[in-house]
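Reader: I'm new to this one and would like to learn how to read it. Could you walk me through it, a feature at a time?

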Amino acid sequence: MKVLLLKDPKDKDSGPDPYIKELGLYGFEATLIPVLSFEFISLESLFEKLSHPECYGGLVFTSPRALEAIKICLKENSKDEAWLKSLKQRWKTKPTYVVGKATAALVEEIGLIPQGEKSGNAEKLAEYICSRIPLESLTVYQTTQHTDLQESLSSYFSQQGIPASVVFFSPSGVKFCLQHIQKLSGDFLNHIKFAAIGPATAEALEAAGIPVPCTAESPTPQDLAAGLQKVLHRQNCRVPK
């Protein structure tokens, strides 16, 4: 049974993508199509703020991309030296909050200790952090449509047909992909069981008039695979062994 995942693949150096691996254990044939391109911005402002941990009570990382921005900042020798020499230890005395496990793993790579990774979405993380704590936000990347998106979607549908499920991983993915998928699916759109990795993405699909029978309880391969199994089995679909 085919499942189309609208997300970037995991870094090749870190092994197979965990979503493809987990879905495979359930008998699903999953395919990844990258949806977004990322342009990192405000990196000098980012390092300026990182250089003054005394001004802040902690850090909040909203996605793995935010950690990529920090890694790019630290590639310069002088900045990396400053981080290793003192800044890392000073930030380590303050809480570092993240939404999910993937972001938590990257936080650990830069030497900090993540909290809140089981929250699963921004709303629950905010409750975890607690209200009335003043926050300062900084946007360090912006998203655009992946240059190969339309071609990749057309190729997938022409070669593999209509998937049993299409999984969206962000509201941006809905914005950039949904119209193409509707056009490529034609009269078979209602045969697809749409899934979302979290409530914000589910809301974006529903706002576009798409029913979402599966929303992962938390943004993990395990919860997504379990949710898809329930939904597809409920429709009297058999998963090949």
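Author: Happy to. Start with pLDDT, which is the predictor's confidence in each residue, from 0 to 100. The protein chain here averages a pLDDT of 90, and 95% of the residues score at least 70. Over residues 236-241, though, the pLDDT is below 50. That stretch has 10 contacts in the model beyond near neighbours in sequence, where contact means heavy atoms within 4.5 Å.

Some ground rules: this is a predicted model, in which local features need pLDDT of at least 70 and side-chain atom pairs count only at pLDDT 80 or more, while totals for chains, interfaces and linings use all residues. Residues are numbered from 1 along each chain as its sequence is written, and side-chain values use heavy atoms, with hydrogens and water left out.

Reader: How many helices and strands does the protein chain have?

Author: Helices (H or I, at least four residues) and strands (E, at least two) are DSSP runs, numbered from the N terminus. The protein chain comes to 10 helices and 10 strands.

Reader: And what is its radius of gyration?

Author: That value is taken over C-alpha atoms, and the globule rule is 2.2 Å times the number of residues to the power 0.38. With 241 residues, a compact globule would come out near 18 Å; the protein chain has 20 Å, which agrees. Its C-alpha trace spans about 60 × 35 × 35 Å along the principal axes. As for contacts with a separation of 6 or more, 70% of them join residues 24 or more positions apart.

Reader: What share of the residues is buried?

Author: Buried means under 20% relative accessible area, exposed over 50%, and partly exposed in between (1.4 Å probe, protein chains only). Buried residues make up 42% of the 241 in the protein chain. Take Ala30, in strand 2 (residues 29-32): Ala30 counts as buried because its relative accessibility is 15%. Leaving aside neighbours within four places in sequence, Ala30 is in contact with Val3, Leu5, Ile20 and Leu23.

Reader: Which residues have the most contacts inside the largest nonpolar core?

Author: A nonpolar core is a set of buried Ala, Val, Leu, Ile, Met, Phe, Trp, Tyr and Cys residues joined through side-chain atoms within 4.5 Å. The largest one here has 24 residues, and those with the most contacts inside it are Leu6, Phe168, Ile181 and Phe194. Elements giving two or more residues to this core include strand 1 (2-6), strand 8 (165-168), helix 8 (171-185) and strand 9 (193-196). Helix 8 gives the largest share, 5 residues. Not counting residues up to four places away in sequence, Phe168 touches several residues, among them Leu6, Ile181 and Phe194. There is also a second, separate core of 22 residues, which includes Leu67, Ala69, Val98 and Leu112.

Reader: Are the faces of strand 9 covered or uncovered?

Author: Both are covered: Lys193 and Ala195 on one side, Phe194 and Ala196 on the other, are all buried. Strand 9 is joined to strand 8 by 4 bridges, and the two run parallel. Val166 stands opposite Phe194 in this pairing.

Reader: What caps the N-terminal end of helix 6?

Author: Asn121 does: one of its side-chain oxygens lies 3.1 Å from the backbone nitrogen of Glu123, in a helix covering residues 122-129.

Definitions and conventions: A polar contact is a pair of N or O atoms within 3.5 Å; within protein, one must be able to donate a hydrogen and the other to accept it, and residues adjacent in sequence count only if both atoms are side-chain atoms. Two strands pair if DSSP finds at least two bridges between them.
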